[in-house]
Amino acid sequence: MSLRRLIVNKTMAALAVLFTVFYSANAFAQETAAAATAKPVDMGPIHKTATFYVLLFLLLCLFIAIIGKALKVYELTRETQGKSEGINWNTINAVLFALFLVVGLYGVYWEYTVHGSMILPEAASEHGVRIDEMFNLTLIITTIVFILTHIVLFVFAYIYRSSNKRKAYYYPHNNTIEKIWTIVPALVLTLLVLKGFLTWRSIFYKAEDANNRPINIEVVSSQFLWDIRYPGPDAIVGKRNYKLTTAINGLGIDFNDKNSLDDLIADEIVLPVNKPVRFTLASKDVIHSFYMPHFRVQLNTVPGMVSYFEFTPTITTEEMRTKTNDPKFNYILLCAKICGTNHFNMQKNVRVVSEAEYKEWLAAQTPYLTNDLRKAFNLPIPVEAAPAGTEETPAADSTATAAAVKLDVKNQIALKK
Amino acid sequence: MSTISLHDTHHDDHGHGHHHETFLTKYVFSQDHKMIAKQFLITGIIMAVIAMLLSILFRIQLAWPDKTFPLLETFLGKWAEGGRIKPDFFLALVTIHGTIMVFFVLTAGLSGTFSNLLIPLQLGARDMASPFMNMLSYWFFLVACVIMMSSFFVQTGPASGGWTVYPPLSAVPKAMPGSGLGMTLWLVSMVIFVASSLMGSLNYVATILNMRTKGMDLWKMPLTIWAIFLTAVLGILSFPVLVSGVVLLIFDRSFGTSFYLSDLVFGTEILPNEGGSPILWQHLFWFLGHPEVYIVIMPALGISSEIISVNSRKPIFGYHAMVYSLIGITVLSFIVWGHHMFVTGMNPLLGGVFMITTLIIAVPSAVKTFNYLATLWRGNIRFTPAMLFAVGLVSFFISGGLTGIFLGNASLDINLHDTYFVVAHFHLVMGSAAIFGMLAGVYHWFPKMFGRMMNPKLAYLHFWVTFICAYLVFFPLHFLGLDGVPRRYYAFTEFEFMNKWLTVNTFVTWSAIVAALAQVAFLFNFFYSIFRGKKATQNPWEANTLEWTTPVERLHGNWPGEIPTVYRWPYDYSKPGAAEDFIPQTTPFSETMSSNLPHDFEGNEEAERIQKEWEATNKPVQQ
């Protein structure tokens with residue numbers, strides 16, 4: 001701690017201060033110059049240039065450097081005066097931890113209440129309610145642990161900050177305590193596992209109920225599209241064979257399977273309330289994920305593999321609109337597995353309606369099977385339609401093809417986006 | 001001594017100077033473990049900065065999806081035509097950010113640096129078991145980095161199927177532009193990376209098992225070494241599985257096989273592949289992928305154990321429990337990979353099994369956390385920069401670990417899978433926590449690496465801004481996930497319900513930018529201190545472990561004379577009766593008669609007798 005070193009340091013510090021003052025003046029001059037030239041206009045264009053922000057950042061760096069130098073000068077003066085270290089950084093950091101705890105706890109409270117109120121509304125399906133119960137239980141337990149451990153962590157950090165008067169307590173281990181905090185988390189987790197396991201089983205292991213058979217709906221994903229297929233009167237969705245895919249048979253539906261003949265195209269998913277539905281999920285190209293967050297439903301659609309998800313919607317769209325107080329509310333199907341360029345915009349509208357509305361809607365849907373497809377599959381072109389009304393069948397077909405064309409156009413639009 | 005002490009200490013007067021060091025052998029093709037550690041560290045830091053900049057780019061897109069930034073076009077050209085990042089490039093950014101962070105920064109940068117630095121130094125070895133292989137390990141790593149970065153200069157852009165590169169998206173070039181040459185480069189880079197990682201890991205295990213100094217039995221090893229050892233074992237057992245998966249994917253992509261592909265139709269084009277399963281890739285990938293996240297976090301936990309103990313001036317609480325919990329995590333991490341696949345359509349029975357194993361792994365993690373807290377209790381805590389980061393790690397580990405309990409639960413995962421909840425979870429528990437472990441290690445062992453100290457005040461600034469901003473970035477993201485917002489979405493503009501999160505996105509991006517700027521404080525501090533930092537003393541933190549008995553100046557061979565002998569465990573801090581509040585491992589019990597405890601002698605009757613005799617004669621004097 002020779003005086004010479006101090007002087008050198010002081011000169012250095014002074015030089016640094018002069019230097020920074022000069023530089024910041026310089027920077028200011030530049031900025032004012034820039035401002036002066038832009039005076040007749042507004043500052044808008046300047047705020048848009050990267051140089052402006054780089055300069056701002058450099059200014060901030062200079063500011064920090066000046067503070068650093070000033071602190072150093074202060075500490076060195078204290079040192080020469082023979083006093084203890086100027087600033088007790090240890091205490092400052094300890095206090096900051098305590099402060100962080102207080103502000104952080106408030107922040108967590110704020111997040112839970114403000115952002116917590118922006119999350120999904122209540123589950124709109126039977127199993128969803130059980131998932132939410134599971135979620136709430138987990139949330140309560142983890143929040144308690146989260147808060148307590150953080151209080152302990154930062155309070156210890158504050159209380160046990162270094163002091164010359166004290167020596168740390170030599171306490172290498174305590175088997176009893178360690179056993180307790182191994183066993184207690186294990187027990188809590190056992191509880192969560194058990195409940196989780198039961199919930200999981202109740203979702204994926206459904207007993208067949210002959211009186212309440214689920215509606216079968218097939219969803220086939222392809223890049224940035226969901227194709228929905230409803231069964232006709234036979235209540236069975238026909239087979240698909242990807243090798244049969246052609247321009248007019250985009251899904252590769254096997255019309256040799258008589259169950260396919262009455263299958264219906266739908267451009268949205270409409271579900272009757274309180275009736276079980278069983279989705280058959282498949283994919284044409286890459287993996288997508290069939291995700292309907294409001295129903296707590298998600299399952300990947302995997303090419304080469306068919307998977308199923310069965311659930312019962314319990315709240316109609318209208319009811320949900322009143323519940324969420326949002327007249328524009330709609331259920332939605334989106335893709336949750338990265339699938340390419342338009343992954344972010346792969347959606348389908350979902351409506352939950354009353355049984356009657358559902359039947360009405362279903363009756364208005366057009367079948368997949370068109371005359372072109374009949375020709376392709378060597379199926380007889382229906383003749384019984386002819387006496388009933390010769391014009392109707394072609395008309396229906398043309399609307400169907402029109403719909404198909406429309407879909408195609410949509411595709412292209414989606415791709416262009 | 002001149003300011004560049006690094007450069008003038010190679011006079012080979014320390015007994016094993018039979019080879020001459022040139023610039024090339026010393027700094028480039030070095031076989032000295034300390035230099036290789038520095039090479040790993042600096043490469044890791046550079047990769048981290050790159051990955052961080054990539055994340056800022058896609059955060060900008062998320063925050064201002066409708067604004068144009070002409071500057072982006074200047075730098076990114078056609079990938080940001082008109083000043084807006086394109087969807088394909090957005091996915092590439094996300095993918096490469098993830099790949100670099102997980103593999104190049106947190107695996108190689110973290111393990112590579114601290115394994116190389118600490119294994120010989122803390123165990124008392126002159127170098128690694130195989131210095132040449134060690135050097136190869138670094139060079140393979142560098143080649144992997146270069147290949148990965150070169151994919152930015154490919155016409156179709158870098159790989160963009162997410163860092164997990166699930167086929168068929170990654171396997172079929174027409175599925176997305178990034179699945180062209182960029183994906184090939186990704187796979188090649190990954191094979192080379194795994195080769196690097198394996199050479200490193202084998203070396204670490206061989207060194208730890210065979211080259212410990214006299215007296216250094218396994219239960220006297222610092223927890224850093226335990227963590228690194230188990231990490232290396234994990235790597236050796238799991239990385240080869242990734243290679244096999246990658247090789248099959250290369251075959252599918254380039255040689256027309258169908259390991260992962262079947263029943264594919266693009267538009268109306270029917271691909272000839274038949275009989276494969278995309279799920280196979282997921283099993284192979286996650287068989288590595290899940291151990292991988294422990295490969296990332298365990299060294300960080302080991303580092304923080306050491307740092308918390310040193311700076312609390314207390315022995316780590318429950319040393320044995322800490323080791324056993326690490327072993328438990330190691331073993332369990334191999335049987336939990338299925339929790340990444342709950343909603344792939346895998347048999348639900350498997351989902352149930354994987355849920356059980358996954359939640360069991362929370363137990364050893366909880367034990368570790370509680371032990372950290374108990375170590376702080378009644379300590380005498382010095383908040384060195386390293387200690388701040390270690391405390392930050394504990395906080396992140398708790399916050400991120402707890403959300404793992406949600407995701408590990410198969411029934412909750414249905415609605416949380418692939419949402420922002422997952423993003424928030426792993427960025428806290430393995431992103432932020434592991435990075436904080438790494439930074440803690442850098443601040444703690446900087447004096448050992450470069451013989452100089454880093455500026456603590458800049459480090460405080462760095463810590464506080466980073467710590468606060470990391471929470472500001474990742475905490476709100478949980479709620480996006482709870483609202484059902486999927487991850488890897490280019491923009492939130494297409495869905496009505498996501499509009500309410502746009503302001504949150506802007507806030508998160510600003511926080512990320514501030515956090516990124518705070519890293520400038522670190523980078524400046526790091527590189528400036530290498531050359532101009534205050535000179536370090538031999539044992540600046542008053543720590544017990546062996547590395548602080550080596551001279552400040554770098555020596556090839558670490559100790560000038562004989563390698564010291566170890567007599568005690570590394571955590572004798574504030575032992576009652578001792579003069580100082582630390583007793584280095586090299587101090588024999590005969591020199592610390594006043595502080596010895598019966599437990600120290602591990603049943604050695606002769607030693608206990610001597611101790612008793614000493615106490616009988618000295619006790620009254622002491623009183």
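Colleague: Into which domains is chain A divided?

Modeller: Welcome! This is a predicted model, where local features need pLDDT of at least 70, side-chain atom pairs count only at pLDDT 80 or more, and totals for chains, interfaces and linings use all residues. Residues are numbered from 1 along each chain as its sequence is written, with chains lettered from A and ligands numbered from 1 in the order in which they are written. Domain bounds come from an automatic or database domain assignment. Chain A has domain 1 (3-80), domain 2 (89-204) and domain 3 (215-416).

Colleague: How many residues of domain 2 of chain A are in contact with domain 3 of chain A?

Modeller: Two residues are in contact if their C-beta atoms, placed from the backbone, lie within 7 Å. Here nine residues of domain 2 of chain A meet 15 residues of domain 3 of chain A.

Colleague: Is Asp227(A) buried or exposed?

Modeller: A residue is buried with 20 or more other C-beta atoms within 10 Å of its own, exposed with 12 or fewer, and partly exposed in between; C-beta atoms are placed from the backbone. Asp227(A) is buried because 20 other C-beta atoms lie within 10 Å. Not counting residues up to four places away in sequence, Asp227(A) touches Val220(A) and Leu251(A).

Colleague: How far apart are Asp227(A) and Leu281(A) in sequence and in space?

Modeller: They are 54 residues apart in sequence and 10 Å apart in space, C-alpha to C-alpha.

Colleague: And how many residues does the contact take from chain B and from chain A?

Modeller: Chain B gives 97 residues and chain A gives 92 residues.
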